[in-house]
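Hi there,

Here is the model I promised to pass on.

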Amino acid sequence: MEKRVLFRSSWLPYLLVAPQVAVTVIFFFWPASQAIYYAFQLQDAFGLESRFVGLANFQDLFHDDRYFESFKTTAIFSGLVACSGIGISLVLATMADRVVRGALAYKTLLIWPYAVAPAIAGVLWAFIFAPSIGIVTYALQKLGIDWNWIINGDQAMLLVVIASVWKQISYNFLFFLAGLQSIPKSLIEAAAIDGAGPFRRFWTIVFPLLSPTTFFLLVVNIVYAFFDTFGVIDATTQGGPAQATQILVYKVYYDGVKAADLGGSSAQSVILMAIVIALTAVQFRFVERKVQY
Amino acid sequence: MVENRPFLTFVAHAVLIAGVVVVAFPLWVTFVASTLTYEQIANVPMPLWPGDQFLANYGQVLTAGSTKGSAAPVSTMLFNSLVMAVVVAVGKICISIVSAFAVVYFRFPLRRFIFWMIFVTLMLPIEVRIIPTFKVASDLGILDSYLGLTLPLIASATATFLFRQFFMTIPDELAEAARIDGAGPMRFFVDVVLPLSRTNVAALFVILFIFGWNQYLWPLLITGQESMYTVVIGIKRMIVGGDAATEWQLVMATAMLALMPPAAVVILMQKWFVKGLVETEK
Amino acid sequence: MTRKLLQAALVACAFAATGAQAQTEIQWWHSMGGALGDKLNELATQFNKSQGDYKVVPVYKGSYPESMTAAIAAFRAGNAPHILQVFEVGTATMMSAKGAVVPVYKLMKDSDEPFDPKAYLPAVSGYYTDAKGNMLSFPFNSSTVLFYVNKDAFRKAGLDPNKPPKTWKDFSQAAEKLKASGAKCVYTTSWPSWMHVENFSAWHNVPIGTKDNGMGGLDAKFTINSPLHVRHVSMLGDFAKKGWFTYAGRTSQGDAKFTSGECAMFSGSAGAQAGIRKGAKFDWSVNMIPYHDDVKGAPQNSIIGGASLWVMGGKTNNAYKGVAKFFAFLSRPEVQMAWHTGTGYVPITHAAYELTRKSGFYAKDPGAEVAVKQLTNKAPTANSKGLRFGNFVQGREVIEEELESVFAGKKDAKSALDEAVRRGNEVLRKFESANRS
C-alpha cells in the first residue's frame with residue numbers, strides 16, 4: 001500500500017527520520033552488535049584483558065545443563081502464564097459481554113492492573129504470600145498447607161505465575177471483549193433460533209471466531225512472559241530457590257551484571273535474540289494474513 | 001441479548017464480581033498495610049481493615065524514605081518517575097510521528113532500508129541487549145542522568161507503525177488540496193496531519209506514559225545515586241534492607257504511591273487507553 | 001520550576017564552595033544503608049573537619065554486589081571512585097584486577113603514612129593479604145557469624161536459658177524440646193553458605209578449597225564435598241525435615257525471623273545485634289557457633305565477613321595522599337572503637353579491642369565481645385585464615401543453590417555437594433582463564 005500523492009524534497013525526509021535513526025543506531029544497533037562481539041570474547045570483570053575465544057562461550061552454554069534447565073523453566077513459566085491468563089480473561093470477557101447492567105463498571109474494575117509495574121505486582125503478591133507474615137500464607141496454614149516459596153520451588157513458580165497473570169489479565173480481557181463485540185449478533189441469533197444453547201453457541205460459533213484474537217494473545221503473552229516479567233521475578237524470587245524460577249532473561253541479567261561474565265551473558269543474549277526474531281516472524285506472518293482478509 | 005436467561009445472567013454477575021474481588025484483593029491488602037504499624041503487620045494475621053497510621057507512613061516515605069534501607073524520599077522518586085514517563089512518552093511520539101510522516105509522504109532512496117531498520121527494533125526488547133546498552137550509556141557519560149534514563153528507551157518501532165498505519169488512512173485528496181494551495185510538506189504536516197492525529201497521539205500517550213512509568217530493568221542499572229531513583233526502583237531498594245527487617249508498612253505506602261498515577265491515567269482516560277492498547281498492538 | 005531554582009542555587013553554592021578553598025575531593029562508594037550509613041557519614045565528616053586539604057564524599061551505591069557492579073562499570077567508563085567498599089566475596093576479583101586497583105600497602109608507603117599490618121587481628125588481615133604478606137585492601141567493617149538464642153523460648157521449653165547449645169549434639173537435644181514446646185520455628189540462619197559451609201569449614205579446621213582456600217593461586221578447587229561437609233549438610237537436611245530448621249533465604253532474611261520471636265535459635269552476622277537489640281521483645285543471648293565435638297581440633301576459629309576498602313587506580317598523586325591520610329585517620333584506635341561500638345562490627349585492630357575493653361563496654365554488653373573471641377579462638381591455620389576464590393560472588397550463589405535443594409528435600413547432601421564442587425570449579429576455571437596474565 002503506497003500513497004499516490006507525495007511531496008518532493010531532497011533533504012527534508014532525511015531530516016525527519018534523523019532523530020529516530022540516530023537513537024535506533026546508538027541505542028539499538030550498536031549495542032546489539034556489541035552483544036554479538038562480546039559473545040565471542042572472554043573478558044575479566046574490569047575489561048582489562050579481553051581475548052577472542054571463538055565459540056567457547058556458546059559451547060559452555062550448551063554443555064551447561066543449567067542453561068537447559070532455564071529453557072525448561074522459561075517454557076513452563078510462559079506456558080502457565082499464557083494459558084491461565086488467556087483462560088481466565090476469556091471467561092471474564094464472555095461474562096462481561098453478556099451482562100448489560102454494570103458492564104462499564106466491571107470493565108473499569110478489571111483493567112487497572114495493567115497500570116501496575118511488574119516489579120510492584122511482584123512486591124504486592126510476595127507480601128500477601130510472604131512466608132511468615134503473609135495474609136494468604138496464614139489462611140493456607142489454617143487449611144494445613146505449608147507455604148514457603150523461599151525454599152519450595154514449585155510454590156515459588158506458582159507465586160511468579162500468579163503475579164504475572166494478575167497483571168496481564170486486563171490486557172487479554174480488553175482484546176477478548178473487543179473481539180466478542182465485533183461478532184455479528186445476527187449469527188448468534190440465527191443459532192439461537194436453531195435451538196443451540198448458550199454453551200453450544202460459544203463452542204461452535206463464538207470461540208472459532210475468536211481464534212485469531214486468541215492466537216494473537218498467545219504470542220503476545222509468551223513475549224510478555226519472556227521479557228516483561230523480569231521485574232516480577234527480580235522483586236520476588238530472584239530466580240530462586242535453586243534456580244526454580246530462573247527464566248532466560250533473568251539469567252542474562254544475572255550472569256552479565258551480578259556474575260560479571262560478559263561473554264557468557266552476551267552469548268545468551270544472542271541466542272535470545274534469535275528466539276525473539278523467530279517469535280516476531282510468526283506474529284508478523286499472522287498479522288499479514290489478517291490484514292489480507 | 002439474544003434471549004433472557006436470568007440464571008446465566010446471575011452467573012455472569014457472580015463470576016465478574018468474583019473476578020473483580022480477586023483482582024482488587026492485593027490492592028486492598030496493600031492499602032491496609034500502608035496504614036498500619038510494623039508491629040500490626042508482623043503480628044500474624046494482620047488486620048484487614050485500615051489502621052490509623054496513614055498520615056504517619058505516607059508522610060515518612062514522602063519526606064524521608066525508609067529508615068532502614070534506602071533513605072531517599074519518595075517525593076523525589078515520584079518526580080523522577082514523572083519526568084521519565086513524560087519524556088519517554090513525548091519523545092517517542094515526537095520522533096515517531098515525524099519519521100512516519102517522512103516514510104509515508106516522501107519517496108527517497110534508503111526509504112525501505114530505514115523502514116526496515118526501524119521495524120527490526122520491534123523484535124529486540126531492551127532486556128535482551130541490556131549489558132551492551134549499559135556500556136554505551138556509560139561510554140556516553142549519561143549514567144545517573146535524566147538523559148540516560150530516557151533516551152535509550154525512546155527508540156521503538158511501535159509508535160512509528162501506528163502513525164504509519166494511520167497516515168495511510170488519511171485521504172489523498174487532502175494532500176492534493178494542500179499541494180494545489182501551494183502548501184509545503186511541513187505546512188501540510190502542521191495544519192492537516194497533526195490535528196487529525198490528535199486522538200491517536202492521546203491514545204499513544206496513555207500507553208507510553210504507563211510504559212515509561214513502569215520501567216524497571218533499565219533504571220535499575222543506570223541509576224546509582226538515590227537522587228535519581230524512580231519510584232519502582234525505590235521500592236526494590238527499600239526491600240533489600242541489609243541486616244534489618246523490611247519495613248512493610250513503608251514499602252506498601254510507597255507501592256500505593258507508585259501505582260496510583262498510572263492507574264489513575266488508565267481509569268480516567270479509559271477511552272483513549274483502550275484505543276491505544278488495541279491499536280499499538282495491531 | 002522550584003526544582004530548577006533549587007538546582008541553580010545548588011550550583012551556585014557548589015561554585016562558592018570550590019572558590020573558597022581548593023579542596024581535593026575523594027569519592028567513596030559504599031553500601032552502608034540506614035543507621036550504618038549515618039555512622040559512616042559521621043566518620044567522613046569527622047575527617048573532613050580534622051583537616052582542610054581533602055574532602056571525603058561518601059556515596060551510597062546500593063547493596064554490595066550493586067556497588068561493585070557500578071564501580072566496575074564506572075571503571076570501564078573511566079570515572080571510578082577513589083575508594084570502593086567491597087564485600088569479602090569480591091576480594092579475589094579485586095585482587096586479580098591489577099591495574100584497576102592500588103594496593104593499600106603501596107599507597108601507604110608512597111605517602112609516608114604509618115601502616116602496620118600486624119596491628120590488625122590476624123583473622124582480619126589474613127583475609128586481605130597476598131601470598132607475599134602485603135596487605136592489598138584496607139579492612140573496614142568486619143563481622144563474623146554468631147549463634148543467637150531466645151532465652152524466653154528456652155525457658156518455655158524447660159531448657160536452661162544460660163546453657164546455650166555448644167555442640168551440634170546439644171543443639172539436637174535443645175531442638176527436640178523446643179519443637180515439643182510448640183515453637184513455631186526452632187532454628188533459622190542468615191547467609192547459609194557463609195555459616196554452614198565457609199565458617200563451618202574454618203571452625204572445624206577443614207579446607208573449603210585447595211591451595212589454602214584459594215589464597216595460594218587461581219588454580220584452586222573446591223573441597224566442600226568431604227565426608228564432614230556431607231555429614232553436616234545432611235544433618236541440616238534432616239533438621240529441615242523434622243521441622244527443626246526453617247530456611248529463610250540466602251542473605252539476611254533470617255535476622256527478622258529471630259528478632260520477631262518466631263525462631264528460637266538463629267545464626268547470623270555479628271552486625272545483626274544492633275537490629276535485634278532494637279527490635280526484640282524477649283530475653284536473648286549471643287554465643288559462639290556450635291561445633292561437632294568428635295572432630296579433632298574443633299573449634300578452631302571462625303572467619304570474617306563484611307567488607308574492606310579498595311583504592312581504585314588512575315587517580316592523581318595528590319588524591320592518593322588524601323586517601324592515605326583518610327586511612328590513617330580510620331586506623332586510629334578511638335575512631336575504630338567508635339565504629340565498633342556504634343555498629344556491632346568487630347574491632348579490627350588489637351589496639352581498638354584493648355581500648356574498648358578498658359572502657360568497660362564489654363562488661364555492660366558481653367555479647368559485643370563474643371565475635372572477637374570467636375575470631376581469635378586459636379591462631380588461624382591455612383584452613384581458617386579466610387578464603388579467596390575467583391568470582392566467589394557467583395561461586396557462593398552456586399553453593400546456596402545446592403544447599404537449597406538439600407533443604408527442600410530434593411537432593412541428598414552428597415550429590416548436592418558434589419554438584420556444588422563441580423559447578424563451583426567451573427566458575428573458578430572460567431575466572432582463571434579470564435585472568436591469565
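Below is what turned up at two interfaces.

This is a predicted model, in which local features need pLDDT of at least 70 and side-chain atom pairs count only at pLDDT 80 or more, while totals for chains, interfaces and linings use all residues. Residues are numbered from 1 along each chain as its sequence is written, chains are lettered from A and ligands numbered from 1 in the order in which they are written, and side-chain values use heavy atoms, with hydrogens and water left out.

Let me start with chains A and B. Here 110 residues of chain B are in contact with 96 residues of chain A (contact means heavy atoms within 4.5 Å). The buried area is about 9700 Å², with 78% from carbon and sulfur atoms (the accessible area, 1.4 Å probe, that two parts lose on being put together, summed over both). There is 1 salt bridge between the two chains, in which the side chains of A:Asp234 and B:Lys236 meet at 3.4 Å, N to O (a Lys or Arg side-chain nitrogen within 4 Å of an Asp or Glu carboxyl oxygen).

Now to chain C, which is divided into domain 1 (2-143 + 304-367) and domain 2 (145-302 + 390-435); such bounds come from an automatic or database domain assignment. Their C-alpha centres lie 30 Å apart. Between these domains the buried area is about 1300 Å², and carbon and sulfur atoms give 56% of that. The count of salt bridges between the domains is 2. C:Arg277 also forms a salt bridge with C:Asp365, at 3.0 Å between the closest N and O atoms.

Best wishes
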